[in-house]
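Please read the following briefing alongside the sequence and the 3D structure.

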Amino acid sequence: MRDRRARDDDGPTGAGVGGDADLRPDGSGTRSEGADVDTRETPGGAGSPIAGGGVSLDAEYPLVVSDLVKSFGGITAVDGASFRVERGSLTGLIGPNGAGKSTTFNLITGVHAPDSGTVTFNGEEITGLEPHQVANRGLVRTFQIARELKEMTVLENMMLAPKGQVGERLWRSVTPGVRGGVIEQERELLERVWETLEFFEIDHLAEEFAGNLSGGQRKLLELARALLTDPDMLLLDEPFAGVNPTLEARLLDHVHELKDRGYTFLLVEHDMDLIMENCEHVVVLHQGRVLTEGTPAEVRDDEEVIEAYLGGSV
Ligand code: ADP
Ligand code: MG
């Protein structure tokens, strides 16, 4: 299985490792051929062979959240949350309703700015950046398909995704006025769109209107769109809500396969069993702060956690 940590070193030979559809744009061998092709905003980013700083902690933990605080009026939704996410892991963020999971998620992805505390991604402080700036750095959340996009086909949704969501990360490399470059980019994008649709097994739905998809199929499309933005790390907020068990299993399979390829996941979920069965590390949030964290077994044995879930006052 391909290791994303070495992705920029792969070169043309990186294509089609293991015979799998390769989601990487460099899988076609075009991306690493010229210095102008991959113009990352963060040259010291995770996958970069020129990763600067040399801080081993950054390499091991792409996402570090420190003492985050966020209040809405009188309610302190997040109250000093600190945790980190290991590279290549599927880390679960759980907690009872109202624990501050979604707010933490929003603070990480730039939807809200925290009152205090910091968010660091790949060694760079990203606290308070705009969502698209966060995405440009490779930290990407899934987005619900907006109403107007439901009237477009799956394929059209995919073609729009990188331009609308990421912009620079994929499109900055297009030299303005160089038509050949634009055409090459579009060809590359189309190729990648199809590979991604095939990977998620929704390529047969390419011409279907997004609004006609089932809840689960829509989640697959949302994940597919997020992947097109060339992320290092994906944040998923309750991706299984309203998804039938069959598609939930498929979605989980895809997440695990992507994890095996080196993507890092932070999964926000209220279903404790699902998290326990699928994550190697679990962070439990309660009343806006981290109650405990560890392996599923460690967390399960923690009495405080059990109390929090049973509604006891902790
Ligand atoms: P969770 O996702 O764990 O269920 P949330 O982060 O959504 O929890 O909410 C934590 C607390 O913050 C709740 O009390 C919620 O009502 C409050 N809250 C979240 N977002 C807002 C907001 N935009 N305005 C006011 N209160 C909010
Ligand atoms: Mg929530």
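Glu 201 is partly exposed, with 13 other C-beta atoms within 10 Å; here a residue is buried if 20 or more other C-beta atoms lie within 10 Å of its own, exposed if 12 or fewer, and partly exposed in between, with C-beta atoms placed from the backbone. The model is a predicted one, in which local features need pLDDT of at least 70 and side-chain atom pairs count only at pLDDT 80 or more, whereas totals for chains, interfaces and linings use all residues. Residues are numbered from 1 along each chain as its sequence is written, and chains are lettered from A and ligands numbered from 1 in the order in which they are written.

**Positive phi values**

- Glu 201 has a phi near 60°, a positive value in a residue other than glycine, and its place is in the loop between α6 (179-199) and α7; helices (H or I, at least four residues) and strands (E, at least two) are DSSP runs, numbered from the N terminus.
- Asn 122, a residue other than glycine, likewise has a positive phi, near 50°, and lies in the loop between β4 (116-121) and β5.
- Asn 122 is buried, with 25 other C-beta atoms within 10 Å.

**Overall composition**

- The protein chain contains eleven helices and ten strands, and 41% of its 314 residues count as buried.
- Among contacts between residues at least 6 apart in sequence, 66% join residues at least 24 apart, a contact being two residues whose C-beta atoms, placed from the backbone, lie within 7 Å.

**The open sheet**

- Four strands form an open sheet in the order β2-β1-β4-β5, with antiparallel pairing; two strands pair if DSSP finds at least two bridges between them.
- The edge strands of this sheet, each pairing on one side only, are β2 (75-85) and β5 (124-125).
- Eight bridges in the antiparallel sense connect β1 (residues 63-72) with β2, and Lys 70 stands opposite Val 78 in β2.

**Strand β9 and its partners**

- Strand β9 (residues 281-286) is mostly covered, six of its six residues being buried; His 281, Val 283 and Leu 285 are on one side, with Val 282, Val 284 and His 286 on the other.
- β9 pairs in the parallel sense with β3 (residues 90-94) over four bridges, where His 281 in β9 is the bridge partner of Thr 91.
- β9 is also joined by five bridges to β10 (residues 289-294), and these two strands run antiparallel, with His 286 opposite Arg 289 in β10.
- The hairpin formed by β9 and β10 has two residues between the strands, and Gln 287 in the turn has a positive phi of about 50°.

- Helix α2 (residues 101-108) is mostly covered, with seven of its eight residues buried, including Lys 101, Thr 103 and Phe 105.
- Gly 110, which follows α2, has a positive phi, near 85°.
- The shell around ligand 1 consists of Phe 72, Ile 75, Ala 77, Gly 95, Asn 97, Gly 98, Ala 99, Gly 100, Lys 101, Ser 102 and Thr 103; a residue is near a molecule if its C-beta atom, placed from the backbone, lies within 6 Å of it.
- The elements that give two or more residues to this shell are β2 and α2, and the largest share, three residues, comes from α2.
- The shell around ligand 1 divides into four nonpolar, six polar and one charged residue, where Ala, Val, Leu, Ile, Met, Phe, Trp, Tyr, Cys and Pro count as nonpolar, Asp, Glu, Lys and Arg as charged, and the others, Gly among them, as polar.

- Helix α7 is mostly covered, with 13 of its 14 residues buried, and is followed by Asp 230, whose phi is positive, near 65°.
- The largest nonpolar core has 63 residues, and those with the most contacts inside it are Ile 202, Ala 224, Leu 234, Leu 267 and Val 284; α7 gives the most to this core, with seven residues.
- A nonpolar core is a set of buried Ala, Val, Leu, Ile, Met, Phe, Trp, Tyr and Cys residues joined through C-beta atoms within 7 Å.
- Not counting residues up to four places away in sequence, Val 284 touches Ile 94, Gly 95, Val 290, Leu 291, Thr 292, Glu 293, Val 299 and Val 305.
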